[in-house]
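Colleague: I'm new to reading protein models. Could you show me how to go about it?

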Amino acid sequence: MNTENPNCFVYEAGELLIELLGGIRIDTLDRMRVTMKVSVINRKYPQYISETADLAVRHNLDLYNDTQVEKFVRRVAERLEVGSIAITKAIADITSQLEVYRLEQLSKQEMRKEKVLSASERESAVQFLEGKNLLERTNEMIGKSGVIGEEINRLLMYLIFTSRKREHPLHIISLGSSGIGKTYLQEKVGELIPAEDKVEITILSENALYYFGQRELQHRLVMIEDLDGAENVLYPLRELQSKKFITKTLAQKTTTGETKTVHIKVEGPVSIAGCTTQEQVYEDNANRSFLIYIDESKEQDNRIMEYQRRKSAGSVNRKQEREIKELLQNTQRVLQPVQVRNPYAEYLMLPDGVFKPRRTNAHYLAFIEAVTFYHQFQRAERVDEDTGERYIETTMEDIQAANYLMRDVLLRKSDELTGACRNYFERLKQVLQKQKKSLFTSSDASKMLRIPISTVKRHNLALLQSGYIQRQEADTKRFQYEVTSYEDYQQLQATITTALDTILERLTSSLTAQSTNEPVKPVKTKRVRPSAQRLTEK
């Protein structure tokens with residue numbers, strides 16, 4: 001049987017020519033519905049047939065339904081004036097070949113078409129991962145690949161995308177107003193991830209996630225362009241994040257007409273990224289993800305517009321951008337799944353005041369492990385002599401880097417205002433201080449910041465309820481407001497910074513005290529060759 005054309009399979013057997021119009025569905029194995037076109041070619045004795053015997057027979061049927069097949073054989077034999085035995089044998093052979101074809105196609109769907117790196121590509125990727133100041137050089141490369149500004153957000157997002165290879169991946173949601181560049185940032189950083197390791201989705205229907213292959217999403221990055229239009233799938237997304245699999249039970253009718261219960265399961269783990277214009281994300285989804293807010297400053301606007309002008313003028317080195325993307329994709333390909341152990345985890349304490357401390361603490365520790373995982377070619381691989389497990393260890397430098405990158409994330413999680421409201425409030429305070437004004441109305445704020453009056457009123461109400469502004473009596477009918485404190489955010493920033501610095505100081509002093517007194521008994525381990533060297537030898 002010739003299956004080169006997926007829309008028309010061709011089978012020849014003696015005088016018979018059988019064509020399967022429209023191919024065959026491979027998503028259901030309990031039935032085999034086809035549309036057959038049967039005709040006779042090279043007839044031996046054409047002079048003895050009727051005028052209608054040269055006309056093709058077209059019919060759709062289920063090859064697993066014996067009654068339908070038997071009736072179809074009789075009809076074809078009568079219409080084409082050929083023997084029923086030849087037709088029966090041909091259909092049986094077609095059915096067997098289609099079963100093999102479907103299983104092969106399903107296996108191909110489960111398998112990822114991974115790019116095989118050449119020796120030079122692998123060597124370049126390993127050398128990059130082995131070099132000093134890996135995070136700084138990675139951030140620089142991300143900028144040269146076409147991501148303008150967003151130095152913290154882009155590196156944070158890249159490391160979270162890298163965590164898809166781990167047992168417990170991280171997730172990220174980008175927030176910001178419309179047209180500010182949320183999708184652009186996610187898309188450009190996503191281009192640095194190999195195509196075989198990501199699934200890009202514009203719109204998700206309610207049950208779409210349940211119909212991926214059972215292991216099709218394992219260790220993949222799922223990028224959702226607009227979470228605002230994916231409200232119906234927020235629940236399965238949460239379950240995929242937490243339980244690392246989703247299931248669905250539904251009823252289907254068999255070929256005999258009986259109702260049968262079918263259990264569908266899609267396995268993870270996955271790393272999920274999405275964008276939204278909403279000021280607040282549904283709490284259950286927000287708690288499972290890192291929340292980043294896009295830079296909406298005037299300086300960032302100028303940087304982006306400058307890049308757009310250079311790109312339009314042809315002064316952007318597009319070839320260099322492509323080469324950098326290929327290099328970073330190859331570094332992702334050579335990273336291997338490896339366990340990470342953080343010997344300092346017991347000494348890491350989150351700053352007081354962080355909302356949802358239990359889940360935030362898990363994110364904090366997991367992000368430190370993600371930083372260590374990215375440095376796997378600079379860490380000696382160890383073996384636990386008791387369990388035989390291979391692992392690498394977190395260093396103090398990993399914790400310092402994670403603290404620096406997570407500073408804004410922890411700051412937002414400690415702030416009772418939403419990101420949009422906080423941005424509005426900080427801009428408002430700057431304008432009021434610049435103009436040396438103490439009182440303002442909603443109309444004044446709308447004009448000064450060029451924001452719709454409805455948005456200003458909504459933010460002012462939130463600030464009033466939280467005590468950040470207070471209402472003043474005025475002779476006019478309009479309400480006037482006054483800022484209660486201009487240093488609240490700076491104080492919060494200082495608190496978070498001090499707390500993170502204290503973590504490292506406490507960690508250093510605790511380890512020093514332990515070494516001075518009675519050291520903690522280490523796990524029995526032995527040092528083996530670094531993973532980079534072993535991979536290069538392979």
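Modeller: We'll take a helix pair, then a pocket. This is a predicted model, where local features need pLDDT of at least 70, side-chain atom pairs count only at pLDDT 80 or more, and totals for chains, interfaces and linings use all residues. Residues are numbered from 1 along each chain as its sequence is written, and side-chain values use heavy atoms, leaving out hydrogens and water.

Colleague: At roughly what angle do the axes of helix 14 and helix 15 cross?

Modeller: Helices are DSSP runs (H or I, at least four residues), numbered from the N terminus. The axes of helix 14 (residues 442-449) and helix 15 (residues 453-466) cross at roughly 120 degrees and come within 9 Å. Helix 14 is therefore oblique to helix 15; angles under 35 degrees count as roughly parallel, over 145 as roughly antiparallel, 65 to 115 as roughly perpendicular, and the rest as oblique.

Colleague: Which residues meet there?

Modeller: Contact means heavy atoms within 4.5 Å. From helix 14, Ser-442, Ser-443, Ala-445 and Ser-446 meet Ile-453, Val-456, Lys-457 and Asn-460 of helix 15.

Colleague: And how much space lies in the second largest pocket?

Modeller: On a 1 Å grid over the protein atoms alone, a pocket is an open set of points, reached by a 1.4 Å probe, with protein on both sides within 12 Å along at least five of seven lines; lining residues have an atom within 4 Å of a point. Here that space is about 760 Å³. The lining has 21 residues, with Ile-26, Asp-27, Thr-28, Phe-212 and Ile-264 nearest the centre. Strand 9 gives the largest share, 5 residues; strands are E runs of at least two.

Methods
Axes are lines fitted to C-alpha atoms, for helices over the stretch in contact, and angles run from 0 to 180 degrees between N-to-C directions. Grid points are joined across faces, edges and corners, and a volume is the space filled by probe spheres set on the points.
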